[in-house]
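Have a look at the fold before reading on.

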Amino acid sequence: MRILVMGADGTLGRAAVPALVTAGHEVRALGRRPRGGADARWFPAESVKEAVRGCDAVLMLAEREPAAGRALVAASCGAGVPHLVRVAGPAAGRARKRLDDAERVVRSSGLGWTLVRHSHLHQSLDRALRELAVSPVLPVDPSVPWQPVDAREVAAYLTGLLRGEPRQAALAFGGPQVLRTSELVPTWLEARGLRRLTPRVRYPGRVMAEQRAGRLLVRNAPLGTLSWREWLMPAPVLSDDFAEEHTASPTSPANQPEGDPDLRVYGGDEGYQRQTRA
């Protein structure tokens, strides 16, 4: 399939493009080409019509302006793209209204469509905490839940959806566990080897109120498997050659007999005999 990815230079896009390429798809990408982006054909944002021509599906991951999303939907209609997949992360308050409006444009396009909302990404939370940790104080609201998920697992889920027919439905994908801020932040500090003061507070604002009420959590939907702790502190992976690298060779002194000093050793050289004491 030939698939156009909008927002290919974003956090999720950097996971989705290689996942699609690995699955055997021809990938076109809208956005600023990152370093190492040779696995896709990149188009500037203003070349929407050229980019979408001949595509079998469009994956809309992010838009910097609502007008850009509307322009891509219009170009997809003009090109007769069979499948539009629009993806978004958690949204609350005014952002939720903008997201509802953007999804309405996709549903009313007349094309086959699928909507997907995912929970917070591990990568995005990590980046946000790095910025906050510049301060020696990192306030924690224990009442706010999070459901972080790995961008690579979301990308794999989207790759599977693109292989199928348009769902004409709104779907969701979330992380494997729900953590309070009082669990999420200390785990991050431990993984990053940092020490910060973490006073307990109550985060203000409407967005935090909606998140506190659990309205940004994913329920009754597919879930990822990589937890926040596992993503931050992955277990070491032994290479396939580990046993070979850590096993003494037949000619090593560690494998030679100690009882008989006259015994021929170092099997690859039959003419060699270990020297005996005088």
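Which residues does Val87 touch, not counting residues up to four places away in sequence? Val87 touches Leu12, Leu59, Met60, Leu61, Val116, His118 and Leu158, where contact means heavy atoms within 4.5 Å.

A word on the model: it is predicted, with local features needing pLDDT of at least 70 and side-chain atom pairs counting only at pLDDT 80 or more, while totals for chains, interfaces and linings use all residues. Residues are numbered from 1 along each chain as its sequence is written, and side-chain values use heavy atoms, leaving out hydrogens and water.

Val87 is also among the residues with the most contacts inside the largest nonpolar core, a group of 29 residues. Such a core is a set of buried Ala, Val, Leu, Ile, Met, Phe, Trp, Tyr and Cys residues joined through side-chain atoms within 4.5 Å; buried means under 20% relative accessible area and exposed over 50%, with a 1.4 Å probe and protein chains only. Helix H6 (151-163) gives the largest share of this core, seven residues. Apart from this core lies another, of 19 residues, including Met6 and Trp113.

Now to helix H4. Helices (H or I, at least four residues) and strands (E, at least two) are DSSP runs, numbered from the N terminus. H4 covers residues 94-107 and reaches 20 Å from its first C-alpha to its last, close to the 20 Å expected at 1.5 Å a residue, the expected span being 1.5 Å times one less than the number of residues. Leu99, Ala102, Glu103 and Val106 are buried in H4. Seen down the axis, the buried residues of H4 fall within an arc of 100°, so they line one face of the helix; the arc is that of the directions from the helix axis to the C-beta atoms. The face turned away from that buried side carries the exposed Arg94 and Lys97. Strands E4 (57-60), E5 (83-88) and E6 (112-118) and helix H3 (66-79) are what the buried residues of H4 pack against.

Strand E6 has six buried residues out of seven, and it pairs with two strands, pairing requiring at least two DSSP bridges.

| Strand pair | Bridges | Direction |
|---|---|---|
| E5 and E6 | six bridges | parallel |
| E6 and E8 | four bridges | parallel |

Ala88 has Arg117 of E6 as its bridge partner, and His118 has Phe173 of E8. Finally, E5, H4 and E6 make a right-handed β-α-β unit: with the strands pointing away from the viewer, the path from the first strand over the helix to the second runs clockwise.
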